[in-house]
Amino acid sequence: MVTLGNDWDGIIGEEFSKPYYLALREFLKNEYRTRDIYPDMYDIFNALRLCSYESTKAVIIGQDPYHGPGQAHGLCFSVKKGVAPPPSLVNIFKELQSDMGITPPPHGELTDWARQGVLLLNNVLTVRRACAASHKGMGWEIFTDAVISALNKKNTPVVFILWGAHARKKAEIITNPIHYKLSCAHPSPLSAYNGFFGCKHFSKTNELLIKSGQPPIDWTIQ
């Protein structure tokens, strides 16, 4: 049984005993045994472990983990220190600098955001090496839908930051009118110039948090 070590255990813990998840678990056991799978199995749930349900005040929804060696560590768009930031993350830092005047950090690890209440959640939480979307449709989407559904029930406003079509589709679950949705193109080099650059989602998130009586995010990465 998976233990997350915070209030998520009581909120979504029952997902881990449902038939879809047990089937996913068997699939993953074989995948990790026979292939190179990312992230490390102990990092799969880092987004939930680092950002409790109660502390979540913003959500960034990714697609699936980076599929290169050493990149993925359980937070969408983030890579561990010492790993070169991938192009999408480079574009995120460019927009952050344009929007907030924050100089791009010397690394791409976003744990500082997670610890402040930014849930960095991929739609699918695992992937085969060099094979994007290889674990799509195996059950992760049901699990992450459950996470979003739980957040929809929060009685404090959450800002959902939706970059690209996959994230916008996920946000169809968000029906509680107290929450906010910010959407634009994905930060990928293929689409960043179609509306990601100039979206100002970092400053807009902070404006909405302040409006709802919550502390803003310090988007600076140490």
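Hi everyone, thanks for coming. A word on the model before we start: it is a predicted one, where local features need pLDDT of at least 70 and side-chain atom pairs count only at pLDDT 80 or more, while totals for chains, interfaces and linings use all residues. Residues are numbered from 1 along each chain as its sequence is written, and side-chain values use heavy atoms, with hydrogens and water left out.

Let's begin with the pockets. The search runs on a 1 Å grid over the protein atoms alone, and a pocket is an open set of points where a 1.4 Å probe fits, with protein on both sides within 12 Å along at least five of seven lines; a lining residue has an atom within 4 Å of a point. Grid points are joined across faces, edges and corners, and the volume is the space filled by probe spheres set on the points.

The largest pocket holds about 770 Å³ of space. Its lining is made of 39 residues, and G62, Q63, D64, N122 and H186 are the closest to the centre.

Now to the second largest pocket, with a volume of about 420 Å³. Its lining has 15 residues, and those nearest the centre are V2, Y21, R25, M41 and I44. Helix α2 (residues 19-34) provides the largest share, six residues. Here the classes come out as eleven nonpolar, one polar and three charged.

Staying with α2, let's see how this helix sits against α6. Their axes come within 9 Å and cross at roughly 130°, which makes α2 oblique to α6. The axes are lines fitted to C-alpha atoms, for helices over the stretch in contact, and the angles run from 0 to 180 degrees between N-to-C directions. Under 35 degrees would be roughly parallel, over 145 roughly antiparallel, 65 to 115 roughly perpendicular, and the rest is oblique. The crossing of α2 past α6 is left-handed, meaning that the near helix is turned anticlockwise from the far one by less than a right angle.

On to the backbone. Where is the cis peptide bond? It joins Y38 and P39, with omega about -5°, and P39 lies in the loop between β1 (37-38) and α3 (46-50).

F77 has a phi of about 70° and lies in the loop between β2 (58-62) and α4. For K200, phi is near 55°, and this residue is in the loop between β6 (180-184) and α8 (201-211). Are they buried or exposed? F77 counts as buried, at 10% relative accessibility, and K200 as partly exposed, at 37%. The cut-offs are under 20% relative accessible area for buried, over 50% for exposed, and in between for partly exposed, using a 1.4 Å probe and protein chains only.

Last, a few distances, C-alpha to C-alpha. M138, in the loop between β4 (127-128) and α6, is 111 residues from F27 in sequence and 8.0 Å from F27 in space. D40 sits in the loop between β1 and α3 and is partly exposed at 42%; D40 and G74 are 34 residues apart in sequence and 8.4 Å apart in space.

T56 is buried, at 1% relative accessibility, in the loop between α3 and β2. Finally, K211 belongs to helix α8 and is exposed at 65%. K211 and R33 are 178 residues apart in sequence and 49 Å apart in space.

Note on methods: Helices (H or I, at least four residues) and strands (E, at least two) are DSSP runs, numbered from the N terminus. Ala, Val, Leu, Ile, Met, Phe, Trp, Tyr, Cys and Pro count as nonpolar, Asp, Glu, Lys and Arg as charged, and the others, Gly among them, as polar.
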